[in-house]
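Thanks for coming, everyone. I'll walk you through one structure. Please take a look at it first.

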Amino acid sequence: MRLIRPMLAVALALAVLALAGCGFGGERERTGVPEAAEGSLEQLAAEARCEPDIQTDADEIRQAICRTGDGRFVLATFATDRGQREWINGAKDYGGHYLVGRKWVAVGEPEVVTALRGTLGGTLEEGKDHGASHDGH
């Protein structure tokens with residue numbers, strides 16, 4: 001009886017965690033996408049398995065061009081959440097496809113950012129569509 005009670009307690013705790021959505025798989029198990037990565041530009045690039053070619057190295061934003069087997073993308077990190085959101089809002093006016101994490105953004109073709117999402121997590125956002133107008137002009 002002494003061995004059964006601790007085993008029942010562990011089983012009950014695991015069942016409660018699973019029902020609460022806090023199982024061992026976490027976010028990836030529920031959605032197929034990992035939790036959004038965090039870190040410096042170099043850490044994110046290493047996670048994505050690319051060698052960053054730094055283009056901008058300023059206090060508010062660091063930006064690099066990266067290339068993986070899926071294609072080329074721009075990876076940017078920001079000093080603040082507000083600075084990131086202002087940058088994204090301005091950039092979306094020009095179109096594009098964005099993978100957004102906390103204080104970082106990856107910009108590239110849809111298939112590139114979608115593949116990258118499987119590694120870095122994050123959410124997909126899309127800029128304005130500048131295709132042909134619908135009124136024939």
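I'll go through the strands, then one lysine.

First, the ground rules. This is a predicted model: local features need pLDDT of at least 70, side-chain atom pairs count only at pLDDT 80 or more, and totals for chains, interfaces and linings use all residues. Residues are numbered from 1 along each chain as its sequence is written, and side-chain values use heavy atoms, with hydrogens and water left out.

Helices (H or I, at least four residues) and strands (E, at least two) are DSSP runs, numbered from the N terminus. Two strands pair if DSSP finds at least two bridges between them.

Start at strand β2, residues 61-68. It runs antiparallel to β3, with 8 bridges. A hairpin of 2 residues links β2 to β3. Thr-68 has Gly-71 as its bridge partner.

Next, β3 itself, residues 71-78.

Now β4, residues 97-101. It pairs antiparallel with β5 over 5 bridges, and Tyr-98 stands opposite Val-107. In their hairpin, Lys-103 takes a positive phi near 65 degrees. β4 also pairs antiparallel with β6, residues 123-126, over 4 bridges.

Last, Lys-92, in helix α4. Buried or exposed? Buried, at 19%. Leaving aside residues up to four places away in sequence, its contacts (heavy atoms within 4.5 Å) include Tyr-98 and Glu-125.

Note on methods: Buried < 20%, exposed > 50% of the residue type's maximum accessible area, 1.4 Å probe, protein only.
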